[in-house]
Amino acid sequence: MSLIERIEKQINDLSEFTSTPGEGTTRLTYSKEDLLTRNYIKNKMIEYGLTVQEDGFGNIFGKLEGTLKDAPSVLLGSHFDSVPNGGAYDGPAGVIVALEVAALFAKNQLTPKYPLEVVALIEEEGARFGGGLMGSRGIMGTLSEESFKNLRDKDGITTIEAMSKIGLDPSLPKRRNPNSIKAFLELHIEQGPILEEKNIPIGVVEAIVGLTLFEITIEGKAGHAGTTPMDRRTDALVAAAQIISQLPSFAIEEGEGTVITTGRLDVLPNGANVIPNKVVFSVDIRSSKEEHINNVIRRMKELIESYQVQGIHSTAEQLLYMPPKILSNEIKDLLKDKSSDLEIPYCSIDSGAGHDAMVFSDVTDVGMLFVPSKAGLSHCPEEWSDARHLANGVQIFYEVAKCLTEVE
C-alpha cells in the first residue's frame, strides 16, 4: 500500500468513529467515539515501533527513543476530537501525518539522537468542556489541575467522571517539563480558500492569530407568555439578542481581519410559552493584533454592562485567551528549504484559526504546515483535503524531523 493509500485508509477509518453517521464527524472528548479513536491511534503507534503512553488528561504519546540520555523530544502531531457534525480532516490529518513520519523512521531503520514523539491531543475544539486547546494547555501547565477538575459538560458531567467512564486514569502525571520538548511540528488543513485558489499544495505558517473566548450570561425573570404585559417583562433573550446584534460592528470597526462570532446560545427554560429568564452564549474574538482583541473586549464589556437595567443581570466570563503567536524562524526556514529540495511548491500563510501549536510556541520552537481545503470548507461534513497534499506534508516533516532529531 502506498503512502497516499495509507493516509486515505486512516482518514476513512477514523471517520467511522462518529456519533452522527452520515452527518459528519462528531467525536467529543472522553466519549465512546474518543475511546475507539484512541485505541486505533495507539495500535498504529505500536505497529510503527513506538512506545505508547497516556497522561492524566488522556493525551496520547508514541515515542521513538533517541541515543542521547534524557534528551528532549521532537514532537509531531495534532488533535483527534471534533466539533459537532464536523469533518474528517480537522485534527486527525495532522495525527496521521505524524504517524506516517514515524513509519518512515521505522521503515528506513533510522536511529535519532533526540527522541521522536508522536502526540495525539484531546479537546482542542472545546466542543464538550469549553475553552479549547485543553490537551496542550494541560501539558504546558496553563490549565491548572483544579480548573481541569472543575470543568463540566452541558449535562453536568465532570472531566474526571467522563475520563473514568472510558477507562482513563486522571491520576497519571499531567504537566510536562518544557525542557523535555526540543520542538513541535503540526500539520493542519488550512480551513480557508487561499492555498486552493493559488493552486499551491503547501502553506508554511508564519503566525497564528490571537483569540479569546467568553461565556456571557444574561439573567432576567421568567413569566407566562400570555399573561405578562409587555411593559412588565424582564426578558433575558431580548436583551441577549440586542447585545449579539451589535457585536459584529465592533470587529468591523477594528478592521485588519478582526472577527467576532457568537456560535453557541442556550435559552432557559426554553419553552415556547415561557418568557426566558436566562440566556448563556459564547463570544469568540480573533485578530492578528492584540490591541484589536483588547479593544473589542472592552467595548463588549461596556455594552453588556449597559444592559444591567430593569432587572437584567449580566456577567462575562473569559474561558480562554491566547495572544497572537509568531512561529520559529529557524523551523520556518527549515520547512521552506526542505519543500524546495523536494520540489514541492509552497507559500507563506498566516493562520486565522487557533491551534495547539500556539500553546507550544510559548515554550519551544514550533513549525506548522497547512494543506489546501476544498472550497475552503471546514467544521462541516463537506470538509476534504487531498491525500496527495497530506503525503507532501509527510515527506517535508520527515526531512525536517531527521534534521531536528539529528539521525545517525
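User: Is lysine 336 buried or exposed?
Analyst: This is a predicted model, in which local features need pLDDT of at least 70, side-chain atom pairs count only at pLDDT 80 or more, and totals for chains, interfaces and linings use all residues. Residues are numbered from 1 along each chain as its sequence is written, and side-chain values use heavy atoms, with hydrogens and water left out. Buried means under 20% relative accessible area, exposed over 50%, and partly exposed in between, with a 1.4 Å probe and protein chains only. Lysine 336 has a relative accessible area of 16%, so the residue counts as buried.

User: Where is lysine 336, and which residues is it in contact with, leaving aside neighbours within four places in sequence?
Analyst: Helices (H or I, at least four residues) and strands (E, at least two) are DSSP runs, numbered from the N terminus. Lysine 336 lies in helix α10, residues 329-341. Contact means heavy atoms within 4.5 Å. With neighbours within four places in sequence left aside, the contacts of lysine 336 are Val204, Glu206, Tyr346 and Ser348.

User: Why does the length of helix α3 agree with its number of residues?
Analyst: The expected span of a helix is 1.5 Å times one less than its number of residues. Helix α3 covers residues 92-107, which is 16 residues, so it should span 22 Å. The C-alpha atoms at its ends agree with this, being apart by 22 Å.

User: How many of the 16 residues of α3 are buried?
Analyst: Helix α3 is mostly covered. Of its 16 residues, the number buried is 14.

User: Where is asparagine 59, and is it buried or exposed?
Analyst: Asparagine 59 sits in the loop between β1 and β2. Its relative accessibility is 0%, so asparagine 59 counts as buried.

User: Which backbone nitrogen does the side chain of asparagine 59 reach?
Analyst: Asparagine 59 is in contact with residues that include Ala120, Leu121 and Ile122, leaving aside neighbours within four places in sequence. At 3.1 Å, the side chain reaches the backbone nitrogen of isoleucine 122.

User: Is phenylalanine 80 buried or exposed?
Analyst: Phenylalanine 80 is found in the loop between β3 (73-79) and α3. Leaving aside neighbours within four places in sequence, its contacts include Arg27, Ile60, Leu121 and Ile122. The relative accessible area of phenylalanine 80 is 2%, so the residue is buried.

User: Which backbone nitrogen does the side chain of serine 282 reach?
Analyst: Serine 282 is in strand β12, residues 278-287, and at 6% relative accessibility it counts as buried. Not counting residues up to four places away in sequence, serine 282 touches Leu213, Phe214, Thr261, Thr262, Gly263 and Arg264. At 3.3 Å, its side chain reaches the backbone nitrogen of glycine 263.

User: Which residues line the largest cavity?
Analyst: On a 1 Å grid over the protein atoms alone, a cavity is a set of points where a 1.4 Å probe fits but cannot get out, a pocket is an open set with protein on both sides within 12 Å along at least five of seven lines, and lining residues have an atom within 4 Å of a point. Grid points are joined across faces, edges and corners, and a volume is the space filled by probe spheres set on the points. The largest cavity has a volume of about 30 Å³. Its lining residues are Asp81, Ser82, Val83, Gly86, Gly87, Asp90, Glu125 and Glu383.

User: What is the volume of the second largest pocket, and which lining residues are the closest to its centre?
Analyst: The volume of the second largest pocket is about 390 Å³. Of its 16 lining residues, the closest to the centre are Gln53, Asp55, Phe61, Glu117 and Arg176.

User: Which two residues does a cis peptide bond join?
Analyst: Most peptide bonds are trans. In this model, a bond with omega of about 0° is cis, and it joins leucine 268 and proline 269.

Key:
A polar contact is a pair of N or O atoms within 3.5 Å; within protein, one must be able to donate a hydrogen and the other to accept it, and residues adjacent in sequence count only if both atoms are side-chain atoms.
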